[in-house]
Structure formats: structure tokens, C-alpha cells
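User: Please take a close look at one part of this model, the contact between the two chains, and then follow it into the neighbouring parts of the fold.

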Amino acid sequence: MRISVQRESCQGHARCAALCPELFGLDDLGFALEKHRQTVPVELEAKARRAAAGCPELAITTEP
Amino acid sequence: MPQTDRPEAGPDPDLVEQFVAAFDHHDPKLGQHYHEIYAEMVERCPVTWTDQHGGYWVLSGYAEVHHALQHHELISTHPSVSVPAFHRDRPMLPLEVDPPIHHKYRLLLAPVFSPKRIADLEDDIRATTNELIDGFIGRGRCEFMSEFADLLPVIVFTKMMGLPVEEMARFRAWRDAILHGMHEDPEIPRVATAEVESYVLALLEDRKRQRRDDILSVLIDSVADGETLTDQEILDITFLLFLAGLDTVSSALGVQFLHLAQHLEHRDQLVQGPDLIPDAIEELFRYESLIVGGRTVTRDVELYGVEMRKGDRLVVNTVAADRDPRQFPHPDEVIFDRDPNRHLVFGAGPHRCTGSHLARLEMRVVFEEVHRRTPTYRLEPGAVVRRHADNVHGIDRLPLIWDV
């Protein structure tokens, strides 16, 4: 699985960082940063999906 | 017999029909049963028109509200987020202007309210929370709104803004006059606004001579588009912070503790498992959402199956949307680990509440301390709790008792 944050849609809710701090960080203004450039570890896939589903802007995608 | 906030005491069907036909979010009769009335509107008319207050669209469905929040180019916060429009003739900044100008002001506030900066306030918020609790814990009872919920956010805000804490009673009086005074006399908010502005201008002069570690000092030194802010721009920002930061958190505390005080099994879950608190707060944000926000349609456009005209006023009813069954299965159930929970208490789109991190921190700290120190709190038997709708929904008082 790979995760991707659409920065132009991110409004800084920071829900992703709250739901899955292993994969999502925040910059100094509170906008989302992906912490993982590579494939998401299998044990974090469920949390990654939860973080994507939790974004009020639907700015995060997971593939597959 | 005084009635408590119980779902079985449902609204008069005629009242429901009255609001479906002619919605008015400021009508006091809406207050006690707004959840039930909104549920009807979400089902029957998620997009509707009312002739009240000069006429406005009412969006109650989640999909419609969410779209409107994300599409400022069609549905704008400019010039006012209140229906009817607020008495002030200048837009509050950055809320009542659109991108790209909005972005310039938003960037000035973002560092002050960023998650990292806000996290630094935790110890202070916890200390203030405990001081307030110390004031009534031995008594075994309190009126939670006037003795706690109305005070904590004002204290926190006052310190951040660099206003003297000794003057808090004055700020609360101004806040009440500005937000609620119009029901008595439209002059009241006008006079209070002028007083707030004079007061802040005087403080500004003081901070220009000597900076302090506060928001006013940050704003004086802020540069946007290569220019410092004018005094008027600083006032427009301060006014928004004043309005946005106070009633909202107080109301959230009120409605959330109302729920818990009447559903002791939920209270007990939090007492026994404080790790649940952050998720519980998110679910209670959804279940007891707060805001009906005003907007203006920017051009003639067909949206949500209706023809809207440029200049039409509109409200996004996020309280209704946050219980839309099309978005939230079993919307009238509190499910602490509900997932996903894309509630709209802080809005969405470019005007997402800048204060959301501060609000969440305040809520979490209060939940932790109340459940730790007064775990047996419950609604005082016979208590009468009145809800109101308006722009920021909430309750008037919350008499609680606990074992000492």
C-alpha cells in the first residue's frame, strides 16, 4: 500500500496525525506530511485506511 | 413537572411542521427539540428555503453542507457568517473574506494556533481547569456553565490575547452583549462592539510601545504581502477571535457533559478508560454538533437541485448534517469508536476552524480532570436544562452533583 496526501486539499484538520502518527506528521503550520515514502508496513495498513477515511477533506488516498 | 433533556419527551408535530415550512434558527421554540426537527429536515428537505430574516436557503444534508463548505467560490463567507447579517460593517478577518485574500490573513494566525504551539499550553490549561474545579469540588454540586464552562475558554483566550485576566468579567459581559444582546435591543451589540474596539485599540498602543508574548504583539509585527497590518485589520482579526473562541468551547463543554451526565454508562466508560477520551470527544462533537453558519451565494447557479441567485443568503446547518444517516449509520447513537467520523463541528474547506487544535486540547484536558476528580458526577434530579439553537447551539445551565 502507498499513501498520498493531496496538499492542495489539506486544510490542516490534523486528524490523520491523530489517527496514525506513525505515517502522518504535521508541518509547522499544522498541514499534513507523509512520513513514509515507501510502501506502508503491512501491520499499519488498517490504521492508514482509518486515517484516510478520517480526513474531512478526503485529501488522502491509499493504493490499493 | 420540570423536564430534563429526554428524547421520549418529543416535539409537538405542529412545531416540527412549522419549522419544516419556515425554518428559523434563531426561534427560541427551536431550542428544546432541535435534533428531532433537524432529523425531519435531513430526511424530508435537506435543501430548503425559508422566508424568515429576509429569506435564506437552509442546507441540512451532509453532502450538501460539505460541498458548500468546500466551494467558497460558489457559497461564500463574505460578507457575513451570520443570518441575519451581523451589525458590524467590516468583514471579520480572515473568516469573512475569500481566498486568495483569506490566505494572507490565515497565514498570520496559523503559527499562533498551530498544533505544536497549542500543545505548549497544556500545562497551563490543566492548572486553570483544576483551579476552577477546586472552587466547587468540596460542595458536591455546581452549576457547570457559569462556574466552569463559561469561564475556562475565556481565561485561556484572555491570556493568549494578552488581555489582563483581572478584566475577564468585562470581556464576558461584552461577549454576551455582542453575541446575545440583540434579542433584547439591537443597540446593545453595537455599543458593546464599539467598547471592545476602543479597548483593543488602547491595548494596541501599549503593545506598540512594548511587545509582550501575546497575539496582539504578534499581529503588530506581522507582515502580509510585504506590509504590516493596519490597526483596523488587527481589530477585524481580534474581533473574530473574540467571538469565535468563547461561546463555542463553552457550548461544547455544556452539551457534551449534559449527555454524559444523563448517560452514566458513557461517563463510566471514560472514568474506567481515559484512553477513550479523545475518540469520545470526537463522537460527542458529531452527536452534539454546534454551528449553523451563514453564507452568501456568489452567482446565479443551480446547486443541489435548486436554482440559487447571486446574493441569496444561505445557512449550512452542520448540526443537522452531523446526524445525517446517509453519512453516519445509526446517527442518534453515541458510538465512541465510530469510524470513520468526518464530523463538521470545525467546518471544512478553507475556513476550517483555526482554533480546532486549541478546542480539542481544552476538551481533552477538561475531560481528563473531571473524570479523574469527580467521577460520580450526574445531572441534579429535577434540573431544568434549556437548549438554544442560534448560530452556536448550546444550553443555558447544567446543574451537576457528585459524591463527596
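Analyst: In this predicted model, the contact draws 21 residues from chain B and 17 residues from chain A. K116(B), R342(B) and R352(B) provide 29% of the area that chain B buries against chain A, more than any other three residues. The area buried between chain B and chain A comes to about 1,600 Å², and 48% of it lies on carbon and sulfur atoms.

The polar side of the contact can be listed by pairs. Four salt bridges are found across the interface of chain B and chain A. One of them joins the side chains of K116(B) and D28(A), at 3.5 Å from N to O. Counting residue pairs in polar contact, with both residues at pLDDT 80 or more, gives 10 across the interface of chain B and chain A. On the side of chain B that touches chain A, at least two residues come from each of helix 3 (62–70), helix 5 (115–119), helix 15 and helix 17 (356–373) of chain B. By residue class, that side of chain B holds seven nonpolar, six polar and eight charged residues.

Helix 15 of chain B, spanning residues 277–287, includes E282(B). Leaving aside residues up to four places away in sequence, E282(B) is in contact with R15(A) from the other chain, and with N341(B), H343(B) and R360(B). The relative accessible area of E282(B) is 7%, which is under the 20% cut-off, so E282(B) counts as buried.

A separate part of chain B is built from strands. Strand 1 (residues 47–50) and strand 2 of chain B run antiparallel and are joined by four bridges. V47(B) sits opposite L59(B) of strand 2. The two strands form a hairpin with five residues between them, and H53(B) in the turn has a positive phi of about 50°.

Strand 2 of chain B also pairs with strand 10 (residues 313–317) of chain B, here in the parallel sense and again over four bridges. In this pairing W57(B) is opposite L314(B).

Which residues of strand 2 lie on each side, and are they buried or exposed? Because side chains alternate between the two faces of the sheet in a regular strand, neighbours in sequence point to opposite sides. In strand 2 (residues 56–59) of chain B, one side carries Y56(B) and V58(B), and the other carries W57(B) and L59(B). These four residues are all buried, and both faces of the strand are covered.

Notes
Residues are numbered from 1 along each chain as its sequence is written. Chains are lettered from A and ligands numbered from 1 in the order in which they are written. This is a predicted model: local features need pLDDT of at least 70, side-chain atom pairs count only at pLDDT 80 or more; totals for chains, interfaces and linings use all residues. Side-chain values use heavy atoms; hydrogens and water are left out. Buried means under 20% relative accessible area, exposed over 50%, partly exposed in between (1.4 Å probe, protein chains only). Contact means heavy atoms within 4.5 Å. Two strands pair if DSSP finds at least two bridges between them. Buried area is the accessible area (1.4 Å probe) that two parts lose on being put together, summed over both. A polar contact is a pair of N or O atoms within 3.5 Å; within protein, one must be able to donate a hydrogen and the other to accept it, and residues adjacent in sequence count only if both atoms are side-chain atoms. Ala, Val, Leu, Ile, Met, Phe, Trp, Tyr, Cys and Pro count as nonpolar, Asp, Glu, Lys and Arg as charged, and the others, Gly among them, as polar.
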